[in-house]
Amino acid sequence: MESAEIPARKRRSRLSREARAVALAFGIGLAAFAITSAIHPEFASGDSVRFLLTSAAFIGIAGMGQTIVVLVGGIDLSSPYVINLAASATAFWAAGHGERLVWVIPAVLGIAALVGLLNGLGVAFLRFSPIVMTLGMNSVLEGALILHFGAQPPPGAPQVLQSMVTGKLTVIPGNTLIWLVLTVIAVVALTRTGWGRRLYAAGSNPEVAYLSGVSVKAVTISAYMVSALCSALTGLLLLGYLGVTYIGVGDNYLFPAIAALAVGGTSLLGGKGSYLGTVAGAVILTVLAGILPVAGLYVGWANIADGAAIVVAVLLTSAGSRQLRRW
Amino acid sequence: MSALTVVAQRKLRIRVQSAAGLVSAGAPYVALIVLAFIYATRQPGAFSLYQLNNTTVFALPLILVSIGQTLVITTGGIDLSVGGVLALTTTLAATHFGSGGGQMVTWIVILLAGGLAIGAANGVLAGLLGLEPFIATLGTWSLCDGAALLILKVPGGSIPASWAAIAADAPLGLNVAVWAVIALIVLWVWFKRTRTGRSLVSVGSSADASFASGIALGRYYVLAYALSGLCAAVAGLYLVMQMSSGSAQVGDPYILTSVAAAVIGGSRLSGGRPRLGGTIAAAYVLTLVGSVIFVFGLNSELSTLISGLLLIAVVAVQSLGERRNGKV
């Protein structure tokens, strides 16, 4: 990857802009948390914080796959029904038996990897627009899921899965611990490995990356596969957390995940951004959603707060990198 | 290689490219005709005026939203806020039209202006301030959905009978929805030829070239989003005629379906190739899929699956001849 080396000065400025966006996003999230806690002390209680972390983890893990695909210049709109498929397939195939998870989880992850592979092949080789490919895939998965599993309500999640996700091994909920581990893996993979550098290179300029010896197609396909795996994991954890699943369980994890990465300073054009930014974005969105019930406001306000947060936060975190246009 | 073979090869390439262009432009119409014939095997009178009226009544909201979406896609953007504008329009109409008359007319004007204004706000964020269209309109979608939820927590409200009755009007045997589609086509044929229309198209086809020639101006982006907002508001006003009530949840299914309609219609997501006729045909296709599934007595969920496959298949056909030469 020597050929894709960036001059030291330029690299520092790029890093510092990203770091600024991440720091700003974390700052906004923590400030919102601190102000609300000062007015409503119960917001800072252990249970409340555990609930916020649990909610943020789902957006964060779904957002991990989304961030990786966006970094390579794509987007994954098939995430809702990969999440749903993973939850439903696990519930039906395990049918409440914990020991069956030994083969059910690998099978579900395998199916997800296959979905990601198809997305990646469509985008890389057939040159489908990522929006079209993954949107079509989502409809196909939705139809297939309901045709195959829709006839009767799914059985509950195996007890093992439930206690793994909700069980308090420590004071931190299980799914938050998993998120923490995944975050470390993602940050290291994106910033310290050749794969990560190839991902950024392919996302920021595919032609240059190709001429520098990066297999843009392979990197693109790998990104869609990782994304589908993250979605499947989100589905497994949601099943464990809720204890049951239903048609549409994944619907709330597409746009919040994309909003989280945008708030965290990742550009939808590809090649620019970081996973820590997405983590910060997930924290902001979760804290905002958590504030409103505490303040006694109806659910409509949550959407309004989300919308305002997305626009304002992205205007702030992208201040230096946006191109203004004349009237 | 002699000069002659080079010329012959180039001629062949041009012919192949124009054939591919024909395939790309024709795909939604072929899909519509095939689907109509499949429908006709089970449904007597599938090609009757009655059936045209009936199908158009169901298709019109999607046609309207998809036309707005096509204009935004022409600039290389995307408009997720159409769902929010649609929902907000139906909730406000269902709660403020009262018993009709002057109050209703006032609110119709307010709602149309509101759709235009929300769209223009998207245009300012995405066109002038340089936010990514996906993110800017995701934000305004959420804002509008929230406002709609505050107005109507659960679907409800009511519409004066005088407004609901318009949906059933059929001057000269054609339902108002069919007249609306004809009017939209005429408007588009006119608009496409105006200086503003041509500038809007060229803004998307190559931002750099139009910037150099001085037309990549923010105002054309603002215009495209504003018209999309207006289309969504009109769709909302039409939907309340059918539902006789408002709902904060009614808009969201239209968002990605309208993108699918624009793409199946032959518009390029990267901008600059508006195919409004294709969009309308595609919106009919996506509506007819449900009817075909119904007359064949199949599980209605098949229509989601078939729509997804159709999207991928049509785009695959369209992209056949359009591969660029790059290896990346």
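1. Helices (H or I, at least four residues) and strands (E, at least two) are DSSP runs, numbered from the N terminus. Residues are numbered from 1 along each chain as its sequence is written, and chains are lettered from A and ligands numbered from 1 in the order in which they are written. Because this is a predicted model, local features need pLDDT of at least 70, side-chain atom pairs count only at pLDDT 80 or more, and totals for chains, interfaces and linings use all residues, while side-chain values use heavy atoms, with hydrogens and water left out.

2. Averaged over chain B, the pLDDT is 85, and 88% of the residues score at least 70. Over residues 324–328 of chain B, however, pLDDT stays under 50, and for this stretch the model has 11 contacts beyond four places in sequence, where contact means heavy atoms within 4.5 Å. For the complex, the predictor gives an ipTM of 0.83 and a pTM of 0.87.

3. Chain B has 13 helices and 0 strands. Of the contacts in chain B with a separation of 6 or more, 78% are between residues 24 or more positions apart.

4. Of the 328 residues of chain B, 54% count as buried; buried means under 20% relative accessible area, exposed over 50%, and partly exposed in between (1.4 Å probe, protein chains only).

5. N122(B), which lies in helix α4 (residues 102–128) of chain B, deserves a look. Is N122(B) buried or exposed? N122(B) is buried, because its relative accessible area is 0%. The side chain of N122(B) makes a polar contact, at 2.6 Å, with the side chain of T140(B); a polar contact is a pair of N or O atoms within 3.5 Å, where, within protein, one must be able to donate a hydrogen and the other to accept it, and residues adjacent in sequence count only if both atoms are side-chain atoms. Leaving aside residues up to four places away in sequence, N122(B) touches several residues, among them D79(B), S81(B), A136(B) and Y225(B).

6. In chain A, Y246(A) has its place in the loop between α10 (216–242) and α11 (255–263) of chain A. Y246(A) counts as partly exposed, because its relative accessible area is 44%.

Technical notes:
pLDDT = per-residue confidence, 0-100.
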